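Hi everyone, thanks for coming. Have a look at the model on the screen, and then I'll walk you through its packing.

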Amino acid sequence: MTTTTRAESAHQDDPALDASVIAAVGGAGRPRHAGPVSASLTYGWRALLKIKHVPEQLFDVTMFPIMFTLMFTYVFGGAMAGSPGEYLQYALPGILTQTVVFITMYTAMTINTDIEKGVFDRFRSLPVWRPALLVGALLGDALRYVIASTVVLTVGVAIGYRAPGGLLGVVAAVALLVLFCVSLTWLWLIVGLKVRTPNAVMGISMMVLFPLTFVSSVFAPPETMPGWLQAFVDVNPVTLLVEAARGLMDDAADGGDISLVVLLSVVITAVFAPIALRLYNRKT
């Protein structure tokens, strides 16, 4: 007993030993908790690291946009506008919109995969701002939207597309697309938190996105469609988004269309973001 007491006393009186222990564990104080911004950026960086380690994830934002642009231009161009070049001037803003809208489902698929693998529970146990995982995933996917837009525009310019609205109009159109698609992602997050598998997320989202994107003014003017179909196309939010983006790129911006897209984005976020966050907080 006396020997133990003397050893403890020697330990307490030895500053060098205390310093070595502190150095070994990394410091005397506990690290500060990550704030909301720092935690969200960290999760966003995680999304980018996943792309680095699994580059196949970039197929949906690189190879598919190239295939869509080339196929629709050269397959439908002659029949729709007399030549692929003329059709490209009309269709490229639509192809750009369709491409970015299609990949909004991937945030939900990522969250659902984390749930399926058990990573989600680990993240929930960390002492960070609770919505940081969802916000970080949205930030990572916003970059995917920009990459996809850049690929479509690069291919379009390479095969002859020229934007009458210039660089400013193109940048404004892409910014509008990213704003709308980030808001739409909240809807798919609800799906991702409710269904059981990533395949189910993809199946449900495709069932919704296919009619919304193809039954719109993406590939053809609504005036060429039957009257009953025009009624749906005219109220389709994708048509509104396409026309707003096309106006910006064609140097014929319509303030009403742009305002409606911004308002619709705000409404979608205000309605679905609280639902997604509530489901996320209650998910076990």
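Which residues does L209 touch, leaving out those up to four places away in sequence? They are V101, F102, T104, M105, L184 and W188, where a contact means heavy atoms within 4.5 Å.

Quick housekeeping. This is a predicted model, so local features need pLDDT of at least 70 and side-chain atom pairs count only at pLDDT 80 or more, while totals for chains, interfaces and linings use all residues. Residues are numbered from 1 along each chain as its sequence is written, and side-chain values use heavy atoms, with hydrogens and water left out.

Okay, the core. The largest nonpolar core has 46 residues, and L209 is among those touching the most other members, along with L96, L153, F180, M249 and V261. By nonpolar core I mean buried Ala, Val, Leu, Ile, Met, Phe, Trp, Tyr and Cys joined through side-chain atoms within 4.5 Å. Buried is under 20% relative accessible area, exposed is over 50%, and partly exposed is in between, with a 1.4 Å probe and protein chains only. Helix 9 gives the largest share of this core, 11 residues; helices here are DSSP runs of H or I, at least four residues, numbered from the N terminus.

S183 also sits in helix 9. S183 is buried at 1% relative accessible area, and S183 touches S265, I268 and T269, again skipping residues up to four places away.

Last thing, charges over rings: NZ of Lys or CZ of Arg within 6 Å of the ring centre and within 35 degrees of the ring normal. R246 does that to Y90, 3.9 Å from the centre, and R144 lies over Y106 at 5.4 Å.

Terms used:
Helices (H or I, at least four residues) and strands (E, at least two) are DSSP runs, numbered from the N terminus.
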